[in-house]
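Please keep the sequence and the 3D view at hand while reading.

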Amino acid sequence: MPVESCIPIIPSADLKKSLRLWVDGLEFSIISEMHKDEKLSFCMLQKGDLWFMLNRRAGNPVKPDDYNGIQLYRAPKDIHETRERLKSLGYKVSELEDREYGQTEFFLIDDDGFSHCFGVPTQK
C-alpha cells in the first residue's frame, strides 16, 4: 500500500509556548486540539497541504543533553521575509548562509530544543 501523506508528530514540553512559533511565526492554523487535566495536550496544525501534530512530551519535560529529537527543513516562499518575521517575534535566528550544495539557509532552535532549518535555492 503506497503512502499518501505523512504527518510529523512533534513532542513539546509546553504546547502553548510551541504554538507561538507554529501559529504566530509560521502562520499555521489550529485545526483541532485536546486538553488533559485542564492542560493543552494535543494540537493538529495545518497550512495549505502541510500538516503537523503537536503533543505534550511524555516523561520529563526537560530535554536531556544528549537528545537530538527531530529536525525540520522548510522551504519558504520568501526566506528574507520569513527570517525577519521570526526575528521580530524574538526568536534567535542565525545569519543567512549560502551553502556549497546550492541552498541559502538559516536556522533557529525552538523552545523544545528542536532545530528548524529554512532554505531556498541560492540565487546567482
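Phe-28 is buried, with a relative accessible area of 4%, where buried means under 20% relative accessible area, exposed over 50% and partly exposed in between, computed with a 1.4 Å probe on protein chains only. The model is predicted, so local features need pLDDT of at least 70 and side-chain atom pairs count only at pLDDT 80 or more, whereas totals for chains, interfaces and linings use all residues. Residues are numbered from 1 along each chain as its sequence is written, and side-chain values use heavy atoms, with hydrogens and water left out.

**Aromatic pairs**

- A search of the whole structure finds 4 aromatic pairs; rings of Phe, Tyr and Trp (its six-membered ring) pair if their centres lie within 6.5 Å, and planes under 30 degrees apart count as stacked, over 60 as edge-to-face and the rest as tilted.
- The rings of Trp-22 and Phe-28 form an edge-to-face pair, because their centres are 5.4 Å apart and their planes stand at 70°.
- Phe-28 also pairs edge-to-face with Phe-52, at 5.6 Å centre to centre and 80° between the planes.
- This second pair links distant parts of the chain, 24 residues apart, with Phe-28 in the loop between helix 1 (15-25) and strand 2 (29-36) and Phe-52 in strand 4 (residues 50-56); helices (H or I, at least four residues) and strands (E, at least two) are DSSP runs, numbered from the N terminus.
- Ring pairs thus join Trp-22, Phe-28 and Phe-52 into a cluster, in which Trp-22 is buried at a relative accessible area of 1%.

**A charge over two rings**

- Arg-74 lies over the face of Trp-22, 4.7 Å from the ring centre, and the charged end of Arg-74 also sits over the ring of Phe-52, 5.8 Å from its centre.
- A charge sits over a ring if NZ of Lys or CZ of Arg is within 6 Å of the ring centre and within 35 degrees of the ring normal.

- Leu-86 has contacts (heavy atoms within 4.5 Å) with residues including Leu-21, Phe-106 and Phe-118, not counting residues up to four places away in sequence.
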